[in-house]
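Please read the following note with the model open beside it. The points are numbered so that each may be checked in turn.

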Amino acid sequence: MFFEDLNLEGTKRLWGKQVSDLAFGEFLEKLKWQSKKRIRSVLKVDKWSPTAKCCCVCAFHNKDLTLADRSWECPECHTHLDRDENAAINILKEGVASFGLGVVRPIVLFNKIVGYSVEAFSSLLNSTRASA
Ligand SMILES: [Zn+2]
């Protein structure tokens, strides 16, 4: 995120001359930890937003979806969506995007989500392909 732009000299000026390499390392660790914590808290909050009703592939909003529907087919892009998996990918997309960390895209094969790809803008995220 933003600590990539920091350098030790600038930090010394900002925080006082007593900032040592060791302290700077600790500072970075704290920043990283804070960032992770913030991402996690975003995920928590969004758990209660209507992420389950939005198709994670084409963003179609299925207003007729009820709690009883464990899976559904998107009328727009015809992807078969597992309720929880769809919501999880939407949450991940939202969380990652809201911090400007990158873009998460579902990988769809034969109308089924087989995983997702992550295009990272920040070194906090590793660009990767992971199975959902
Ligand atoms: Zn769709």
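1. Strands β3 and β4 form a hairpin, with two residues between them. Here strands (E, at least two residues) and helices (H or I, at least four residues) are DSSP runs, numbered from the N terminus. The two strands, β3 at residues 102-109 and β4 at residues 112-120, run antiparallel and are joined by eight bridges; strands count as paired if DSSP finds at least two bridges between them. Within this pairing, V108 stands opposite I113 of β4.

2. The model is predicted: local features need pLDDT of at least 70 and side-chain atom pairs count only at pLDDT 80 or more, while totals for chains, interfaces and linings use all residues. Residues are numbered from 1 along each chain as its sequence is written.

3. The turn of the hairpin deserves attention. F110, in the loop between β3 and β4, has a positive phi of about 50 degrees although it is not a glycine. Most residues other than glycine have a negative phi. F110 counts as exposed, with 7 C-beta neighbours inside 10 Å. The cut-offs are these: a residue is buried if 20 or more other C-beta atoms lie within 10 Å of its own, exposed if 12 or fewer, and partly exposed in between, with C-beta atoms placed from the backbone.

4. H78 lies in the loop between β1 (71-73) and β2 (80-82). Is H78 buried or exposed? H78 is exposed, because 12 other C-beta atoms lie within 10 Å.

5. As to the overall arrangement, the chain contains three helices and five strands. From the N terminus on, the order is α-α-β-β-α-β-β-β. Of the 132 residues, 15% count as buried.

6. The buried residues of α3 include I89, L92 and V96. Just after α3, G100 takes a positive phi of about 65 degrees.

7. The largest nonpolar core has 14 residues, of which C55, C56, I89, L92, V96 and V104 touch the most other members. Such a core is a set of buried Ala, Val, Leu, Ile, Met, Phe, Trp, Tyr and Cys residues joined through C-beta atoms within 7 Å. Helix α3 (residues 83-98) supplies the largest share of this core, five residues.

8. F60 lies in the loop between α2 (21-46) and β1. Which residues does F60 touch, not counting those up to four places away in sequence? They are C55, C74, P75, E76 and C77; a contact requires C-beta atoms, placed from the backbone, within 7 Å. The C-alpha atoms of F60 and P75, 15 residues apart along the chain, are separated by 8.2 Å. F60 is partly exposed, with 15 other C-beta atoms within 10 Å.

9. The mean pLDDT (the predictor's confidence in each residue, from 0 to 100) of the chain is 73, and 58% of its residues reach 70 or more. Over residues 42-48 the pLDDT is below 50, and this stretch has nine contacts in the model beyond near neighbours in sequence. Residues 1-8 also stay under 50, with 10 contacts beyond four places in sequence.

How values were computed: Two residues are in contact if their C-beta atoms, placed from the backbone, lie within 7 Å.
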